[in-house]
Amino acid sequence: MSGMVEKRGLGTWLTHAGLIFGIAVICFPIWIAFVASTVTQDDLIRPPMPLLPGPHFLDNYLEALLTGGVAPVWQMLLNSLVMALGITIGKIIISLLSAYAIVYFKFRFRMLFFWLIFMTLMLPVEVRIVPTYEVVASLGLLNSYTGLILPLIASATATFLFRQLFMTIPDELTEAARVDGAGPVRFFIDILLPMSRTNIAALFVILFIYGWNQYLWPLLITTEPSMNTVIMGIKQMLPTGDQTVEWPVIMATAMLAMLPPVLVVIGMQKLFVKGLVESEK
Amino acid sequence: MEKRVVFDNRWLPYLLVAPQLLVTFVFFFWPAGQAIYQSAFIPDPFGLKTQFVGFGNFEYLFGNRYYRESFLTTAVFSVLVTISAMSFALWLAVLADRVIKGSSAYRTLLIWPYAVAPAIAGVLWLFMFNPFTGVIAWMLAHAGYVWNHNLDGGQAMALVVAASAWKQISYNFLFFLAGLQAIPKSVIEAAAIDGASFWRRFWTIVFPLLSPTTFFLLVVNIIYAFFDTFGVIHTITQGGPQQSTTILVYKVFADGFVGQDLGSSAAQSVVLLALVGILTVVQFRFIERRVHY
């Protein structure tokens, strides 16, 4: 692909050396975390810590999963999974429906609705944190999956994306469907959904990572340990002041917490890149 | 931008937009309205009733030294995160663009940190730089440099910047690489035939052609540094020492939930709302322009 430019020996070697150096810098924190999750606390509190994995992999991961911090990690992983899937599926469904209405129907207040949805782009949860908490508390949704999921579900980005996609679908298709006697519901289920399949999948990957990695919101509204998600639960295991903590267990938890989204990115790389480029944040 | 063929139905479109509108009203507009309303009141010490103060909370806010310093901290933090994450990513993308064999393997190894949560990134970097046991703190100590980000504000800032930038490199890398690969190779080859060196070609041809991507990433990185780095700050420094890493988003949280100063926190939310609004408009104007390229 790169043709005739710069193919001389030394340049190529320097390029590879640079890339390997870059990867080493980026992977170093994870390698250290992995090593720390396979040794004992004694190995870690007397520096320097070992740079190669030890034999305590199973001990540490089992302790994290079954005992953990304030709640066992298996339970926190389960909560994270429910929250991530709830946010992902919820966002996709409500955005598909509203984008369909806005593109394929003419009705009063259509543009007003569109702008109301669009404005939510400007209001990330971190910004309106106290009043959103109060609203959710007054609805009695603290420590519930509904409270974890619903406030994060409205998404102008996804609505936008589906709107763009629907605009590119040729009108002839809609006409043909109408001639065949298909109503709006039929058209949506039989034609629009199958045509949006890859876009939905790409969005699924991005939204799953977004949902899984939520931190501040679960930190505020899950006061009961049994409702903690793993990303915020790990904060509760960290030292406050001079107390010593079980670093191997914390690092095992960190590895477990990043495993699902990392697997999604690596396993579905094509969809991930597509989703990232299309949603552009 | 309008469909020629549309469906006729009296109530179906309203039913279809209802779920999203409902969620938007309950969890976006109601809280945002509350923030604006609360920002004009202060509660009495017993929390029994509130007193209208108009713009009093805002006057108090901008008269407050810590709040003004938090603005400066946020600016320093965002600039450092953006520059370090973007320059390192651009360097890697330029290298990856030159590679013919194994480029997809490199890409896989470089993009996965995108999936790591900011809070987890914070935990990993905190562990490496832990003043007593951290592996890098230990190395620095042996090189004669004392590391303790719990005491030294500059070191604390460096650490939260490093952790935040580390997580953002993969995103920037992907977009820079896509931008580089979209540049026609013939342009670069022509310059090479004319005898332009690699760096000369980079600064006179590649970098200018890359500017749409660079501007786009600039806005995205600033928004990331402003709002998405809460987890990094909260796990590593909690805004300390002496507020040296208290960025605006962290301060809204600290004043509202830890300090229980609701009027001030609401006023801060309103200021942030205005900031996000400006950034979003900049981002959209820019994306619009890019679409018409």
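Trainee: Is E63(A) buried, exposed or partly exposed?

Mentor: E63(A) counts as partly exposed, because it has 18 C-beta neighbours inside 10 Å. The cut-offs are these: 20 or more other C-beta atoms within 10 Å of a residue's own is buried, 12 or fewer is exposed, and partly exposed is in between, with C-beta atoms placed from the backbone. Keep in mind that this is a predicted model, where local features need pLDDT of at least 70, side-chain atom pairs count only at pLDDT 80 or more, and totals for chains, interfaces and linings use all residues. Residues are numbered from 1 along each chain as its sequence is written, while chains are lettered from A and ligands numbered from 1 in the order in which they are written.

Trainee: Which helix does E63(A) lie in?

Mentor: Helix α3 of chain A, residues 57-66. Helices here are DSSP runs of H or I with at least four residues, strands are E runs of at least two, and both are numbered from the N terminus.

Trainee: And how many helices and strands does chain A have?

Mentor: Chain A has 15 helices and zero strands. Its radius of gyration is 24 Å, well over the 19 Å that the globule rule gives for 281 residues, so chain A is more spread out than a compact globule. That radius is taken over C-alpha atoms, and the rule is 2.2 Å times the number of residues to the power 0.38.

Trainee: What about confidence, where is it lowest and highest in chain A?

Mentor: Helix α15 (residues 269-279) is lowest with a mean of 81, and helix α4 (residues 73-104) is highest at 94. That's pLDDT, the predictor's confidence in each residue, from 0 to 100. For chain A the mean is 86, with 93% of its residues at 70 or more.

Trainee: Switching topic: how many residues of chain A are in contact with chain B?

Mentor: 85 residues of chain A, against 83 of chain B; in contact means C-beta atoms, placed from the backbone, within 7 Å. Helix α1 (residues 9-36) of chain A gives the most to chain A's side, with 11 residues.

How values were computed: Contact = placed C-beta atoms within 7 Å.
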